[in-house]
Amino acid sequence: MTFVADLTEQLINGVTLGMVYVLLAAGLSIIFGVMDVINFSHGELFALGAYFALSISGALGVGVGFWTALVVAPLLVGIVGVAIERFTIRPLYGRNPLYHILLTFGLVLIINDLIKLVWGTQQRNLGVPGYLSQPVGVAGIQVSLYNYFMIVFAGALALGIYLFLERTKYGMIVRAGSQDRQMVRNVGIDIDKYYTLVFGLGAALAAVGGIVLGGYQSISTGMGNSVIIPAFIIVVLGGLGSFRGAVFGGLLVGIIRTITRTYGGTEFGEVAGITLSLPDLEGLTIFLLMIAVLLVKPQGLFGNPEFQDEGGEEGDLLTGADGGVFTDSVRMKLGAAAVGLLAIAPFAILLTGNDYYIILLNRVLIMAIFALSLDIVMGYTGLVPLGHTMFYGVGAYVAALVMIHYTSSFIIALFGAIVICALIAWIVGSLSIRVSGVYFAMITLAFAELFYNAVFKFQFTGGSDGLLGWDTFFGIAGIGAELNGINLLIAGFEITPNIVFYYTALILAVASLLFARRFMNAPFGSVLQSISEAEERAEFIGYDVTKYKRRAFVISGGMAGMAGGLLAVKPSTFIISPDQTLAWIHSGEVIVMTLLGGMGTLFGPMIGAGVFIGAEDILSSYTEQWRLVIGTIFVLFVLFVPRGLVSIPSLLVQRRQSAESDSPSVGFDESEVNTHD
Amino acid sequence: MTETVLETNGLTKRFGELTAVDHVDLEVEKGEFRSVIGPNGAGKTTTFNLITGALIPSEGTVRFNGTDITNMPPHERVHHGVGRSFQITNVFGGLTVRENVRLAAQSMYSDEISRREAMFRDKDSFDELTDRTTEILDKIGLRDRADVHADTLAYGDQRRLEIGLVLATDPELVMLDEPTAGMSSEETHETMTLISDVLSDQSLMLIEHDIDLVMRVSDRVTVLTRGQELASGTPEDIATNEDVRDAYLGGARDE
């Protein structure tokens, strides 16, 4: 086959994939534009469409079933979308958009586990009518008819949506709503009803995307996860809230992905003795592209430049910081008691003769430091890094690489992890903090995905296998001992490497907390708090807000890097792999821990880490579907206890007081929001 | 002999097709109480934002004490001596009144805090800062309420705190954006008294659409219409100015 024909064929494949992205990104983008909701569960709605289609086509047979599914499944998913909007997202309007991210992240866990529960985890195939899968040859280019069907069908649908938005009264209201919601309300239109419509429509579009892709490739429980990040990239690339941007971005990313996959690493020949080849950058290109676009045009290719100035309806982040019922001294005593308990915990555990709980506690301590690091930015500057796991992952990789190649001293390995991660945080922070909250969230996500994809590509990071095979020296410059060789007997207790690590991690966790508390009570931290209270005011009493945020992000990044480094040092860790450290789900998990505990309190997220890992451990021993349970608990927390576990004592007191006084029972949740408007 | 504190030259701001501020030249002298008035859409708030740094002009310059501050970010302007108050009271609600003032004072003091101290020294252990904070609290009469959260203050007290925050940044020129918006005449009187008491050493620039108020308090008045300067002068000059009368009685006034 000639090169041109081959390229054309790949272009058609690229456009085919691109159309799926268009359907996904269009819904995401409109939902964001109109409702300010960043919908992480969009990918799962996409998968849900495919699975519904699978059942329908299974029941009716391939021929009729496929066409019926194409109509009915999106409607069903649309109804699911309407229900999601009505019962979970609606109560959160007026709160900071972060809560939507958190909520929809919980929904990802729930929907994904429900899919596994109903349809199982096996890869499935959606039957496509035989006449659609015939290969068609046009001018020597052999492509399945299904490709053309996808392009035409999705294209017609996208055009229909475009006409709906541009030409109809409803579309006009939706577009007006994405410009200025309050104004639409002022002219007497109940915009809230349209939110339901928009969310349902977005969900249905995603479902169509899932069905057509399901017929093209196959259906698996990971399909939502694999498209959601590219879909976000497209939305940001094209401009948040822009339909045209979603179409352009979707096609662009579809083509780029297909082309880089096909031609990455191929050599084209030689010119003047130099081999011309495309670098093998599949997976990296779109993230690099997004970062490049945002640097030049922060609002995206088709975005509205005034967009960043909006944000009038944004509510504050609800921190657990104030309104506690305990005085500071009580809190200090509780903290000291907790540390004391943790200090003697290994002895109690050793009496049971089982190392397992030490290993579990080691994980808790590492995640506690990671969650604390997140709280420094999220709870005190109002920035939400959606890719915080980049520091955790890079820290783990750096520490492991140091121990493999340079020295096995864990002190130097941790130091290296901290320095490299702080440096990365400085760079990422410099590029993104000045723009706006949503972009910061997205750019951090893009960087995390960039690192995730990069470690797959490079030899020295061990590709998808990850890194393994290093020794950890517990000490520095020859003074100390091999961590795995430690085995002491003290007063009848066997001191294992796990216990040595436990105390090291405990000391580092307590030291990190004390360090964070120290600077929060020093001039630097007081400015951070003023920024989280009223950013504009902080600027106008003379603080360089961007610089303070960036510094907080650097500290946070370094601390997260240390947590990652500890993961590599931990005696029970034998391998550092990309999925274990850099996958975006970990960024979500650490946000869950932080919110669960109570952000803006420093110690709360650490408790949250313990509760999360404890719950995961207990639940996973009872049920495969532990994510479903955790997701549900999490969604309930976002809705009803947004200030986290640490706010429960004061909530109980509040409850009792309002029960005593005869006032009508107002949901505490609502009153919280009102007092912080 | 008078000294010019603030000087704008050909100050212009365009938003797409709309020219909100069109070649405005202003000069504010040291110690002067200058007001800028005009009907809605005259470009008052845009002018304000160009001077405080919330917006960057499309054309023209802003000079403060001879220094070109046209492209300076707001926080640097504050350090040069341009303070501002907010129309909607904008204080750090979740922090105590004392901490609010202390933060503003700390900003002016930050050169004397080393990096180490900024990270590790207790924020309340800087004697000079504590003294300055107390001094401001006395001036705005909120010392006895210093330990309550700012968002629990009554509206009038929040306005006092707001002025206190500006004062604590030790400004030479204070920009006031409709400080009495939405107030009863009594509250307006109190607020203006507070401003003239507390900010007596500063040059003031007041953005306002209440003509009567402006005529009472200002040394000089600038009238803007459609982004351009219509007239400048003493309140008496302005009161008798034909153009101003036309602009206001020509139906543009929206009250």
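In this predicted model, helix α20(A) is largely enclosed by the rest of the structure, because 23 of its 25 residues are buried. The helix covers residues 545-569 of chain A. From its first C-alpha to its last, α20(A) reaches 36 Å, close to the 36 Å expected at 1.5 Å a residue.

We can turn next to the place where the two chains meet. Here, 21 residues of chain A are in contact with 26 residues of chain B. On the chain A side, three helices each supply at least two residues: α17 (497-520), α18 (523-533) and α19 (535-540). The largest share comes from α18(A), which provides 7 residues of the side that touches chain B. Sorted by class, this side of chain A holds 9 nonpolar residues, along with 7 charged and 5 polar ones.

The domain assignment divides chain B into domain 1, made up of 1-81 + 172-255, and domain 2, which spans 90-170. A distance of 27 Å separates the C-alpha centres of domain 1 and domain 2 of chain B. Each of these domains of chain B brings 9 residues to the contact. On the domain 1 side, helix α7 of chain B (residues 185-198) gives the most, with 6 residues. The class make-up of that side of domain 1 of chain B, where it touches domain 2 of chain B, is 6 nonpolar, 1 polar and 2 charged residues.

Note on methods. Residues numbered from 1 in each chain as written. Chains lettered and ligands numbered in written order. Predicted model: local features only at pLDDT ≥ 70, side-chain atom pairs only at ≥ 80, totals over all residues. Contact = placed C-beta atoms within 7 Å. Helix = DSSP H or I, 4+ residues; strand = E, 2+ residues; numbered from the N terminus. Nonpolar A, V, L, I, M, F, W, Y, C, P; charged D, E, K, R; others polar. Domains from an automatic or database assignment. Expected span 1.5 Å × (residues − 1). Buried ≥ 20, exposed ≤ 12 C-beta atoms within 10 Å, placed from the backbone.
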